[in-house]
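Open the model in your viewer and keep the selection panel handy.

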Amino acid sequence: MRLHKVYQCASLFHLPKQPFLLSSSPHFLSLKPPLRHPFQFIKPCSTTSPAAFPTKPMRSRNIVAVGAAENDGGSNGATHFSAGTADREDSSLENGYCLPPPEIRDIVDAPPLPTLSFSPHRDKILFLKRRSLPPLADLARPEEKLAGVRIDGKCNSRSRMSYYTGIGVHQLMNDGTLGPEKEIHNLPNGAKINFITWSSDGTHLAFSVRTDEEDGSSSMLRVWVADIETGKARPLFQATDIFLNAVFENFVWVNNSTLLVCTIPLSRGDPPKKTLVPSGPKIQSNEQKEIIQSRTYQDLLKDEYDEDLFDYYATSQLVLVSLDGSAKPVGLPAIYTSLDPSPDENYIIVRSMHRPYSFNIPCGRFPQKVDIWTADGNFLREICDLPLAEDIPITHNSVRKGKRSINWRADKPSTLVWVETQDGGDAKIEVSPRDIVYAEPAEPLENEQPVVLHKLDFRYGGISWCDDSLALVYESWYKTRRIRTWIISPQSESVSPRILFDRSSEDVYSDPGSPMLRRTPTGTYVIAKIRKEGDEGTYLLLNGSGATPQGNVPFLDLFDINTGNKERIWESDKEKYYETVVALMSDQDEREMYLHQLKVLTSKESKTENTQYYLFSWPEKKACQVTNFPHPYPQLSSLKKEMIRYERSDGVQLTATLYLPPGYDPARDGPLPCLMWSYPGEFKSKDAAGQVRGSPNEFAGIGSTSPLLWLARRFAILSGPTIPIIGEGNEEANDRYVEQLVASAEAAVKEVIRRGVAHPNKIAVGGHSYGAFMTANLLAHAPNLFSCGIARSGAYNRTLTPFGFQSEDRTLWEAVNTYVEMSPFISANKIKKPILLIHGEEDNNPGTLTMQSDRFYNALKGHGALCRLVILPFESHGYAARESVMHVLWETDRWLQKHCVDNSSDPIAPEENATTGITDTENKAVGVAGGVAEHQIPDYEIDNVQITRRSSLCRYD
């Protein structure tokens with residue numbers, strides 16, 4: 001039995017207010033300020049009383065397409081407005097939160113569109129209602145920071161958890177239209193809904209509910225169920241003292257009438273209390289001389305009290321409960337991190353973690369026990385008990401020793417599959433094979449040995465199952481960027497595995513697409529085989545992004561698995577629209593699927609039309625519109641968007657997306673102030689770096705902190721100009737980081753000036769995280785290009801991340817010059833242009849400690865730089881609260897108006913700064929990488945991460 005759960009995964013940024021489609025599949029499922037000293041340290045703090053903060057529900061920060069606050073016109077605690085001019089003084093620069101100009105605020109405050117979720121049988125759609133940006137009071141609630149996890153002790157769940165406010169059910173009619181909405185009712189007033197989960201037969205939903213208490217905190221979570229037919233919801237448990245423990249796993253459907261729930265143990269007392277007088281010093285020892293290297297993880301355990309507190313909140317009692325409310329505790333209380341029922345509903349893979357813990361790594365590397373239980377909650381056998389994993393090397397593709405990626409085979413009733421490394425988990429060790437894939441029954445016979453399914457020379461990246469004759473196995477190797485897809489016959493030893501695709505992961509033009517999956521009666525997802533009438537061939541559907549030199553043109557190919565021949569049966573419009581295949585919709589039963597009966601869900605959008613969903617059917621090849629969402633920001637519906645191409649001085653082809661405000665005419669209006677917002681990327685080849693990614697026809701999604709907001713302020717926006725850092729052959733990409741960074745920025749600036757859309761003296765640069773690092777480096781090494789910079793949540797001193805960062809897996813001591821020369825902190829004395837630093841006070845992202853901005857600001861101030869530091873209380877790596885978001889926009893707008901729009905200074909001549917030119921060998925950086933996001937995958941999930949192919953049932957906008 002598979003889980004059909006609407007997961008809400010942590011997101012770092014406020015992304016566009018697009019409808020977000022969730023799968024039923026478990027697999028994917030900113031007045032001139034008063035004259036002040038330029039070295040101001042600004043720490044927003046509200047002087048208003050708590051009553052000045054309206055109790056608004058928390059924004060759904062853990063889902064992808066989160067919109068902005070409800071348009072209630074309230075300030076939500078913010079007390080100051082920006083007048084939007086550079087001619088007047090503003091006396092509020094150091095007091096309270098401020099609001100950006102109305103033209104920006106109105107976009108951010110637009111109501112968000114709902115999240116969508118299809119039923120397992122594709123006959124119904126959930127419209128999950130979302131609220132807007134949460135008030136700061138939500139983020140200010142107490143939280144425990146333990147082993148890399150932040151916990152709301154009052155709710156016994158992850159802190160800052162988003163939620164839905166309502167659930168609407170629509171019938172999907174045969175013609176693609178939606179029936180009237182049926183609201184899930186009988187919920188308590190102000191219900192905050194999480195973890196929405198379909199039963200496999202699509203007749204029920206399970207979800208958690210919490211409400212606000214009188215003191216402003218949230219109540220503990222209870223599990224509720226709803227009947228889809230009637231729409232009526234009710235608590236699952238009859239007892240009122242059973243609460244959900246949602247720190248790790250929460251609940252799963254074992255079958256269509258039974259759930260296995262992680263509950264707070266009834267015998268649990270009060271939290272442990274920390275003694276005022278310690279029993280002794282805090283000691284860590286490495287007297288065994290072990291080599292333990294780890295990145296700069298945060299929120300780690302610090303002492304025995306933290307260990308006890310972690311146990312207190314993370315420990316669950318599993319309870320089997322049926323829809324009639326009868327419940328039975330099973331197993332002993334433990335820290336259960338994952339529950340995975342078998343397809344035949346007879347077994348459950350139960351993962352848990354246990355002591356000894358570590359003060360050096362997050363909980364994902366704590367000892368992990370994996371067992372098999374029967375579906376009625378009895379222990380059957382142990383699969384493995386993995387020890388503490390402090391010693392995983394920092395080299396890319398290094399993994400934990402022992403069994404990993406333990407899952408059920410999707411096309412079998414109860415067959416286990418796992419992988420074991422042959423190199424001790426160390427990617428630096430040369431060995432063949434490197435990984436071996438094994439399989440065995442849930443209950444093997446006596447002396448029965450696991451079956452070797454496949455041996456891999458690269459690192460295992462997952463399996464797409466089909467049947468006994470077909471499965472696709474994926475492997476990859478980061479150092480060479482190679483990725484391979486193998487065809488294997490799981491039950492036929494006589495059929496030798498063969499390589500289906502062998503390509504560079506950087507070469508998007510050669511991407512053949514990913515196989516579409518179909519749902520099985522047991523709720524799993526397997527590769528969809530397609531038949532053609534009068535043809536005995538075996539065909540797959542390959543769903544691809546269709547990258548071309550003109551931009552992405554998504555496609556659907558009918559692929560003959562035996563001959564390799566392809567037939568393109570669907571392709572996106574190229575002229576005006578950008579379309580994608582989202583999901584297979586004709587897989588409701590076990591019957592063979594024929595091409596003439598094929599039905600898929602597609603999305604369609606353009607530069608100015610937001611995403612809508614359609615049902616596309618064969619043989620008519622007719623599309624029926626399913627949704628009709630309103631434009632989220634009609635005031636910018638006529639903006640101009642163009643994907644532009646230009647060349648770097650070393651011949652590398654570059655691209656960027658140029659946005660111009662509605663009604664703008666370069667010939668009539670002249671050049672505009674321009675904001676360039678980017679994020680570097682790392683490549684192994686110039687050809688791959690020069691490939692075009694994205695489509696010129698994609699809708700211009702605008703998030704609540706997006707640079708595109710400044711289109712409303714009549715800026716030209718150069719979004720995502722490619723800044724490839726290339727290291728070909730044995731050369732490390734970071735060895736020429738600054739040289740390539742400056743060359744890329746110089747090419748972008750020259751292009752917008754050449755086009756006449758940007759004023760040479762009024763070009764600002766900005767970025768978030770690694771983009772902030774980029775911004776600081778550009779102001780240090782290319783001061784002639786930009787009037788000012790905006791750097792959010794960055795890391796500026798790489799000696800504070802000595803065991804690697806981004807794609808760099810050399811240590812500080814292995815590449816001292818690289819770490820030092822590329823750190824803008826070291827070049828703070830060279831920064832002469834105004835720079836605005838913004839950082840969340842509670843940033844828990846590896847590498848981007850708040851201290852990075854604090855120390856960089858002090859370095860800049862010590863050299864007389866015009867700088868400003870804004871620390872956002874309670875905010876993490878991305879900014880969530882409405883007060884914080886609005887203040888960030890106010891700060892940004894003020895900075896741009898003062899130092900970009902009003903800038904009248906001449907550009908710094910290249911000869912005035914020795915590091916401006918890219919041919920200056922003395923100041924070439926032996927520098928950093930940029931292809932991997934500065935943020936890391938949460939380490940508690942590290943052992944379950946696989947290469948995720950494009951799902952046939954999920955679209956992340």
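**A tour of loops, a helix and a cavity**

Start by selecting N186, which sits in the loop between strand 12 (182-183) and strand 13 (192-198). This is a predicted model, and in it the phi of N186 is near 75 degrees, a positive value in a residue other than glycine. Most residues other than glycine have a negative phi. N186 is partly exposed, with a relative accessible area of 45%.

Next, pick K289, in the loop between strand 18 (258-263) and helix 3. K289 also has a positive phi, about 60 degrees, although it is not a glycine. With a relative accessible area of 74%, K289 is exposed.

Now on to helix 3. At its start, a side-chain oxygen of D303 comes within 3.3 Å of the backbone nitrogen of Y305. Colour the buried residues of helix 3, among them L309, F310 and Y313; their cover includes strand 19 and strand 20 (327-341).

A polar atom of the T315 side chain lies 2.6 Å from the backbone oxygen of D311. Show the contacts of T315 too, including N245, T263 and P333.

For the cis peptide bonds, select R355 and P356, where omega is near 5 degrees, then S432 and P433, where omega is about -5 degrees.

Finish at the second largest cavity, which holds about 130 Å³ of space. Of its 14 lining residues, Y478, K479, R481, E682 and E732 are the closest to the centre. The lining divides into 3 nonpolar, 3 polar and 8 charged residues.

Key: Residues are numbered from 1 along each chain as its sequence is written. This is a predicted model: local features need pLDDT of at least 70, side-chain atom pairs count only at pLDDT 80 or more; totals for chains, interfaces and linings use all residues. Side-chain values use heavy atoms; hydrogens and water are left out. A polar contact is a pair of N or O atoms within 3.5 Å; within protein, one must be able to donate a hydrogen and the other to accept it, and residues adjacent in sequence count only if both atoms are side-chain atoms. Contact means heavy atoms within 4.5 Å. On a 1 Å grid over the protein atoms alone, a cavity is a set of points where a 1.4 Å probe fits but cannot get out, and a pocket is an open set with protein on both sides within 12 Å along at least five of seven lines; lining residues have an atom within 4 Å of a point. Grid points are joined across faces, edges and corners, and a volume is the space filled by probe spheres set on the points. Ala, Val, Leu, Ile, Met, Phe, Trp, Tyr, Cys and Pro count as nonpolar, Asp, Glu, Lys and Arg as charged, and the others, Gly among them, as polar. Buried means under 20% relative accessible area, exposed over 50%, partly exposed in between (1.4 Å probe, protein chains only). Helices (H or I, at least four residues) and strands (E, at least two) are DSSP runs, numbered from the N terminus. Lists of a residue's contacts leave out its neighbours within four places in sequence.
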